[in-house]
Amino acid sequence: MAVEVLRADERAATPWLNGGGVTREVAGFPAGAGLTDFAWRVSLADVAQGGPFSRFEGIDRVITVVDGAGMALTVDGVEHVLPAPYRPFAFAGDSDTDCRLLGGPVVDFNVMTRRRRAAATVEIAEAPRTVDVPADADAAVLVICLAGSATLDGAGHDGVGLRLGRLDAALLSPGERQRLDVDGVAAVVELRTVGD
């Protein structure tokens, strides 16, 4: 399938082991992979309280605040304040990382890639904007609407645009070219498999 639609209301919530929030997986590769064997994984998390992040050995992460007053991440002893939404922050998942909420719960968008198997870039597109989604034969692209709505031209039935509401996503197969019309805020994530 060239475009797989991933609706927000179809995602199951998984509680964190430390009770600090829940995670909803948006997509992962390979399909059905768990936390120990994915090449890449994209998720949304409801962060209810501060505390230490789980360590993910060999994983690179990009985290983006979607809702809430923001958070401060202390990564290997260095604090990084993320007070505004829609500003991706990259860090190593195997670093000692602690989270402090700046003003109550937040929702964050999380992209994880396993080093030497996958790599990702995260671009934020804010309205009014039209984005030519890449058509690289070696990379899948995930588009997720973080606020408002977004439309993939020609990806719906009978050539009609595919509308994505808040937190809906679409996964484009490698080589699939689309035009994205953003009427809100969207993240465009290029997911390149580099091994195996």
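This note walks through the predicted model shown above, point by point.

1. **Ground rules.** This is a predicted model, in which local features need pLDDT of at least 70 and side-chain atom pairs count only at pLDDT 80 or more, while totals for chains, interfaces and linings use all residues. Residues are numbered from 1 along each chain as its sequence is written, and side-chain values use heavy atoms, with hydrogens and water left out.

2. **The overall build.** The protein chain has 17 strands and zero helices. Both kinds of element are DSSP runs numbered from the N terminus: helices are H or I runs of at least four residues, and strands are E runs of at least two. The C-alpha trace spans about 50 × 40 × 25 Å along its principal axes. The radius of gyration of the protein chain is 16 Å, which agrees with the value near 16 Å for a compact globule of 196 residues. That radius is taken over C-alpha atoms, and the globule rule is 2.2 Å times the number of residues to the power 0.38.

3. Of the 196 residues in the protein chain, 46% are buried. Here buried means under 20% relative accessible area, exposed means over 50%, and partly exposed lies in between, with a 1.4 Å probe and protein chains only. The protein chain exposes about 9,200 Å², and carbon and sulfur atoms supply 51% of this area. Accessible areas come from the Shrake-Rupley method with a 1.4 Å probe, and for residues only the protein chains shown count as cover.

4. Among contacts with a separation of 6 or more, 70% link residues 24 or more positions apart. A contact means heavy atoms within 4.5 Å. As for charge, there are 18 positive and 28 negative side chains, and the centres of the two sets lie 2 Å apart.

5. Two strands pair if DSSP finds at least two bridges between them. Strand 7 (residues 71–75) and strand 10 (residues 97–101) are joined in the antiparallel sense by five bridges, and T74 stands opposite D98 in strand 10. Between strand 7 and strand 8, the loop holds D76, a residue other than glycine with a positive phi, near 50°.

6. **Strand 6 and its partners.** Strand 6 is mostly covered, as seven of its nine residues are buried. It runs antiparallel to strand 11 (residues 106–114), with eight bridges, and antiparallel to strand 9 (residues 89–92), with four. In strand 11, T113 is the bridge partner of D60; in strand 9, F91 is the bridge partner of R61. T113 has a relative accessible area of 5%, so T113 is buried. Beyond its neighbours within four places in sequence, T113 is in contact with residues including A39, W40 and A118.

7. **F53, a loop residue worth a look.** F53 lies in the loop between strand 5 (51–52) and strand 6 (59–67). F53 counts as buried because its relative accessibility is 14%. Not counting residues up to four places away in sequence, F53 touches R61, I63, L73, F91, T97, D98 and C99. F53 and V131 are 78 residues apart in sequence and 33 Å apart in space, C-alpha to C-alpha.

8. S149, in strand 14 (residues 139–153), is buried with a relative accessible area of 10%. Leaving out residues up to four places away in sequence, S149 touches R163, L164, D181, V182, D183 and G184. L167 sits in the loop between strand 15 (162–164) and strand 16 (169–172). L167 is buried, at 14% relative accessible area, and its phi is near 70°, a positive value in a residue other than glycine.

9. **Two cis peptide bonds to check by eye.** The bond from F29 to P30 is cis, with omega near -5°, and P30 is in the loop between strand 3 (21–29) and strand 4 (40–47). A127 and P128 are also joined by a cis peptide bond, with omega about -10°. P128 is found in the loop between strand 12 (118–126) and strand 13 (129–133).

Technical notes:
Lys, Arg positive; Asp, Glu negative; His and termini not counted. Charge placed at Lys NZ, Arg CZ, Asp CG, Glu CD.
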